[in-house]
Structures are given as structure tokens and as C-alpha cells.
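Okay, everyone, thanks for coming.

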Amino acid sequence: LVSAQRCMIMMLTTTVLRTLHRSAAWKLRVQCLSRAMSSVRDRFVEHGIVPDVLDTPPNSLAEFQYDSGVNAELGNILTPTQVQNQPKVTYPTEKDAKYTLVLTDPDAPSRKDPKWGEWKHFVVANIPGSDVAKGEVLSEYIGSGPPEGTGLHRYTWLVYKQPEGVKFAEVLQGLSTKGRNNWKAKEFAAKYGLGDPVAGNFYQAEYDDYVPKLYAKLD
């Protein structure tokens, strides 16, 4: 009988400890998520992307990994050489939802004189989840090409959740500079009822010796 009582006490104690452990782990997860959301919003405001590009910052972080081994990290400085190829993208998704992905530069030709901003670098619509390869490319990817002497540019990645049934009336834009300047992500989102971006990220870059090579590839 004593042995049975001891076993019962041990089982109850183990159950309680597991419950407390799960509770603590959940609280830690919520705290980490809250900090991450706050960090994304704060960085978009600190760097002036709100209000230069958006009225409202995204809540979630989208991750961008380049084949050069670097990542976009909420304002870190990268080079045009490092971001010349389209990155791998991940972001939080909802079941059966489709998304639109945008890369835009508000600092064209420079942050001091953004008379050509925004400059549209990449737009993909109808992305199932975060599988960008299965989306509909509206504007082909053009990496960062800030003109020499124009300082750092803020290259801004935005992810929008699409409303059901939205149809995009855009002509496919290849590797051409035509029609990419004086574009506005906010106006594009309003046109198709996309609302505010649900996720985002950004990096900064200035001229390096890859930029003339990039220009040579463009129409």
C-alpha cells in the first residue's frame, strides 16, 4: 500500500512538473514573439520606411537568404554584389492563403533627393504560402544598383496577404528599367485591396563595382 501511494505521488508530481514546464515554455514563446513583432515595427519606423513607404509597419518578420551567404536583417548593410541573385524567402503563412511579395527602393536616386522613388525591383503575386517559385512574376528580380555617390539606399521587402479572388492587371516586366521608377508600393496595395503588409524586412546598400555590370544586363 505504501509503495502504491508513493507511485501515485510520483505520477502526480511528474504531471504537475510537465504542466508547469509547458506553461513556462508557452510564456517564453509568447514573449519572444512579442519582442520580434515589436522589433520589426520599431526598425521600420526608426529607418523612416514608415512613413516613406508605408503608413503602418508589418508585424511579422520575413526572412531573406542570399546565395552569397548573407541575410537581410532589418537594416543591416549589404553590397550589390551580395544581393545580385534572388534570395530564398520564408515568412509566416495561413492555410490556403496566397501572398504578394514586393521589393522596393524609396531612395532613388538618393535618400536626400528621392525624385525617382520608389524604384520597383521585384513583384510576385499569387504565391501559395511562401513558395515564391510557384507565384506569378509581375516584375522580374533586379538586384540593388544604387548610383555611385548616392549613399545608402533602403531596400524594402514587403509581404501582403491577398484577398480571395483578386486579379492582377499588370503586364509582365522583364529586365527593363522602363516603368519601374516613381512606383509606390502603397498605391499598388490599394489598387488590389491588399491592405497593409503582414510581414517584411529590409537592408541597406550603396554602390560597389558590381553595379555597372548590373546596368549592362538591363534594357
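Asp-96 is exposed, at a relative accessible area of 71%, and since the cut-off for exposed is over 50%, that's why it gets the label. Keep in mind that this is a predicted model. Where does Asp-96 sit? You'll find it in the loop between strand 4, residues 88-90, and strand 5.

Okay, on to Asn-182. Here phi is near 55 degrees, again a positive value in a residue that isn't glycine. Look in the loop between strand 8, 153-161, and helix 3, 185-191. Is Asn-182 buried, partly exposed or exposed? With a relative accessibility of 41%, Asn-182 counts as partly exposed.

Now for the peptide bonds. Most of them are trans, as a general rule. Which kind do we have going from Ala-108 to Pro-109? That one is cis, and omega is near 0 degrees. Pro-109 is in the loop that runs between strand 5, 98-105, and strand 6, 119-128.

Then there's the bond joining Gly-117 and Glu-118, which is cis as well, with omega about -5 degrees. And where's Glu-118? In the loop between strand 5 and strand 6.

Note on methods: Residues are numbered from 1 along each chain as its sequence is written. This is a predicted model: local features need pLDDT of at least 70, side-chain atom pairs count only at pLDDT 80 or more; totals for chains, interfaces and linings use all residues. Side-chain values use heavy atoms; hydrogens and water are left out. Helices (H or I, at least four residues) and strands (E, at least two) are DSSP runs, numbered from the N terminus. Buried means under 20% relative accessible area, exposed over 50%, partly exposed in between (1.4 Å probe, protein chains only).
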